[in-house]
Amino acid sequence: MQALRNMFRSWSSDARLDGKTVIITGANTGIGKETAIDLAKRGARIIMACRDTEKADAALKEVKDVSGNQDVVTRRLDLADSKSIREFAENINKEEKQVNILISNAGVMACPHGKTADGFEMQIGVNHLGHFLLTYLLLDLIKRSTPARIINISSMAHQWGTINLEDLNSEKNYDKQKAYTQSKLANVLFTRSLAKRLEGTGVTAYALHPGVVQTDLWRHLNKVQQAAMWLAKPFTKTSVQGAQTTIYCAVAPELETESGKYYSDCAPAKCSQAAMDDETAQRLWELSCKMLGITWE
């Protein structure tokens, strides 16, 4: 029962973000949109980074109306295309004086086999490599905006994941669930490696499980899985509830000195053994750099 109570525990803070700039990927729907509304209410400038500009414009109006904050903009970002990621980052680096909080929220889940514009398997490509490249390209600006935070949305599904360093793109055998859990484990390992590299810079990094949330991510599940989710609905979270741990990691003052950890239900949580494997984390980092053609020591 305690676990259930924690799951729906509402966390609240009156922390303000006036004068701060926040980028949220996938902010046009679900927990991304709810995060945008909450942080806009706290006075932040919000940059909603979205692939679908039409959906983004509709969400933009809602975020402005509900929050009462007019300093909210949308920018096009397709995480399945490194050209789009580079263009987005170039514009941000040119236009913005600071980025205090980067929230890597966008993702795909258990989708049919597909490839990104760069030929990566879609789930590892969008969920891990796209955000890895985005963070790399914005890092200098983020370092100039300290204290700053980088928040990576993972999932408890990382616990069932393994990193296949010999076949990260699932070329030999594609299983949509395995590809998803691998990408979510990659999020936690990336956060861990990133935090180590950022020690002493004033930039901190966090990974989190938002909860089992009723979102558009379910659209690729098969009928049996969707039926199971429907039966589990009383135990799942709304998008507002699902956004709480992201908001907690973005604003909780007590996290300013924490970095590289994993959170769930607005509290530190245990991640899997595999998620604490520094050797795999380092090898994944090196492989990610190689696949993206970047040098990031």
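Two strands are counted as paired if DSSP finds at least two bridges between them, and helices (H or I, at least four residues) and strands (E, at least two) are DSSP runs numbered from the N terminus. The structure is a predicted model in which local features need pLDDT of at least 70 and side-chain atom pairs count only at pLDDT 80 or more, whereas totals for chains, interfaces and linings use all residues. Residues are numbered from 1 along each chain as its sequence is written, and side-chain values use heavy atoms, with hydrogens and water left out.

**View 1**
E6 (203-209) and E7 (residues 261-264) pair in the parallel sense over 4 bridges. Within this pairing, Leu208 has Tyr263 of E7 as its bridge partner. E6 also pairs with E5 in the parallel sense, over 6 bridges, and Arg149 stands opposite Thr204 in E6. Together, E5, H6 and E6 make a right-handed β-α-β unit; a crossover is right-handed if, with the strands pointing away from the viewer, the path from the first strand over the helix to the second runs clockwise.

Buried means under 20% relative accessible area, exposed over 50%, and partly exposed in between, with a 1.4 Å probe and protein chains only. Because 7 of the 7 residues of E6 are buried, the strand is largely enclosed by the rest of the structure.

E1 (residues 21-25) and E2 run parallel and are joined by 5 bridges; the bridge partner of Thr21 in E2 is Arg45. From E1 the chain crosses through helix H2 (residues 30-41) to E2 in a right-handed β-α-β crossover. E2 and E3 (residues 72-76) likewise run parallel, joined by 5 bridges, and Met48 stands opposite Thr74 in E3. Here the chain passes from E2 through helix H3 (residues 53-67) to E3, and this β-α-β crossover is right-handed. Arg45, Ile47 and Ala49 on one side of E2 and Ile46, Met48 and Cys50 on the other are all buried. Since 6 of the 6 residues of E2 are buried, the strand is largely enclosed by the rest of the structure.

**View 1. The largest nonpolar core.**
A nonpolar core is a set of buried Ala, Val, Leu, Ile, Met, Phe, Trp, Tyr and Cys residues joined through side-chain atoms within 4.5 Å. The largest has 55 residues, of which Ile23, Leu138 and Trp296 touch the most other members. Strand E2 (45-50), helix H4 (82-95), helix H5 (122-143), strand E5 (148-153), helix H6 (176-197), strand E6 (203-209) and helix H10 (278-292) each supply at least two residues of this core. H5 contributes the largest share, 12 residues. In soluble globular proteins, nonpolar side chains tend to be buried together.

Not counting residues up to four places away in sequence, Ile23 touches Ile47, Ala49, Phe88, Ile92, Val99, Ile101, Leu102, Ile103 and Leu138, where contact means heavy atoms within 4.5 Å.

**View 2. The salt bridge between Asp71 and Arg45.**
A salt bridge is a side-chain nitrogen of Lys or Arg within 4 Å of a carboxyl oxygen of Asp or Glu, and the structure holds 13 of them. The side chains of Asp71 and Arg45 meet in one, at 2.7 Å from N to O. Asp71 lies in the loop between H3 and E3 and Arg45 in strand E2, so the pair ties together parts that are 26 residues apart in sequence. Asp71 is partly exposed at 34% relative accessibility, whereas Arg45 is buried, with a relative accessible area of 17%. Arg45, Asp71 and Glu96 are linked in a network of salt bridges.

Glu171 forms a salt bridge with Lys115, the closest N and O atoms being 3.7 Å apart. Glu171 belongs to the loop between E5 and H6 and Lys115 to the loop between strand E4 (101-104) and H5, so the pair ties together parts that are 56 residues apart in sequence. Lys115 is partly exposed, with a relative accessible area of 44%. In a further salt bridge, the closest N and O atoms of Arg16 and Asp18 are 3.0 Å apart. Arg16 is partly exposed at a relative accessible area of 49%, and Asp18 is partly exposed at 47%.
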